[in-house]
Amino acid sequence: MTSNTLLMTRNYSTGMLYNCSSVHIPQFEDRLAQVTTDVTAVVVMFGVTLVSMVTVLMYLEECLYFCRNPYTSRRRSKLLKILAVYPVVSATSTSSLWFPQASAVADFAASWYLSLAIYQVFTLMVDYLGGKTGIIDSIGGIKIRMNTPPVCCCVCIPNKPLNMALLKRLHVCVLQLTVVYPVMSYIFALIDTDRSVAGTSRDTSAAGVALRLVPMVSVVMALYSILCVFRNVINHIPRASGLRLRPKLAAVMLIMGLSRLQFMILLLVTIPGSDGCGPATLFTGPDRKQVIADVLSVLEMLLLGLLARRLFTQPVDDDLEDPCDVTDQHVQEKRVIIVRTTSL
């Protein structure tokens, strides 16, 4: 049988013949057709869109909170950049659901901002601990364990004294994530766009999966550097225990594990459902793995956003310009007047 031969299959429940040679990733028009004909698609698509809008509105309310309270400009900027990762990932996942063939572009945008948010968390935590100079002045020279997760099994790695050179190298290892991860996502976007224009499905071969391991190695390097700093530094700086750095770091790093790794797992497993022939529904079409990953990602961003809202909106130590209670009515009224004047 040649490649030009039409592959046909029979639906024995209806007796109809379907063309299986024209299977392709749905377009926006195909998604609209599914919404108008499938009740499940209506509930899922509009439900996911509503959840994404709630996540965005929650972030806008957080922006208003930080403007109304006297946070320092440096801390306010870092906190808002970190909290923005949840609506960004949620919005890009929703866009990928509505525009399936442009999912690679949405993934590139989400990957770029996610890497930026992880780097911002690292710099925020270093800032909480007094900056690089403050850390070295406090515990400089102390030998730290280098066999920390995710390479804790390498017991042969010797302990090294903490100095400015080592701290800068760990900083660079986190900074590389903001370059390697978005660049690889951009390459994937180019490849997927080229394949979708050619009418072929996405690359799920061994070479494609192996190529996707490159950004994962970059993530492991960044995570290792972050844990090398904080697993050792937190134990030697008494004031670090009241900053709740571990849950703040986990609230951002979980995005990488949930929204990124789960899609790779879906690529490697076989999901029961349609074989790609016939009239595809939302969860039985050729892009059903991407649909499942996007739906899960939107729901996860809402839950993680609520967790991060509680962790990052409670001021600690020198977050505020003035060490007064942020609930002080006079301070709040003053900040509201400033916000309203600026908006006018």
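Which residues line the second largest cavity? Select Thr55, Met58, Tyr59, Glu62, Leu83, Tyr86, Pro87 and Gly305, and you have its lining. Before going on, a word on the model: it is predicted, so local features need pLDDT of at least 70, side-chain atom pairs count only at pLDDT 80 or more, and totals for chains, interfaces and linings use all residues. Residues are numbered from 1 along each chain as its sequence is written, and side-chain values use heavy atoms, with hydrogens and water left out.

**Stop 1: the cavity**

A cavity here is a set of points, on a 1 Å grid over the protein atoms alone, where a 1.4 Å probe fits but cannot get out; lining residues have an atom within 4 Å of a point. The volume of this one is about 40 Å³ (the space filled by probe spheres set on the points, which are joined across faces, edges and corners). Now colour helix 2 (39-68) and helix 4 (85-98): each supplies at least two residues of the lining. Helix 2 gives the largest share, four residues. (Helices are DSSP runs of H or I, at least four residues, numbered from the N terminus.)

**Stop 2: helix 1**

Select residues 28-37, which make up helix 1. Its buried residues are Arg31, Gln34 and Val35 (buried means under 20% relative accessible area, exposed over 50%, with a 1.4 Å probe and protein chains only). They sit on the same side of helix 1 because they cover an arc of only 100° around the axis, taking the directions from the helix axis to the C-beta atoms. What do they pack against? Show helix 2, helix 4 and helix 12 (288-312) to find out; contact means heavy atoms within 4.5 Å.

**Stop 3: Thr123**

Next, pick Thr123 in helix 5 (residues 103-128). Is Thr123 buried or exposed? Buried, with a relative accessible area of 15%.

**Stop 4: Val233**

Finish at Val233 in helix 10 (residues 213-236), which is buried at 2% relative accessibility. Leaving aside neighbours within four places in sequence, Val233 is in contact with Leu129, Ile135, Ile139 and Leu162. Try the distance tool on Val233 and Ile139: 94 residues apart in sequence, they are 7.8 Å apart in space, C-alpha to C-alpha.

Conventions: 1 Å grid on protein atoms, 1.4 Å probe; cavity = no way out; pocket = protein on both sides within 12 Å on 5 of 7 lines; lining within 4 Å.
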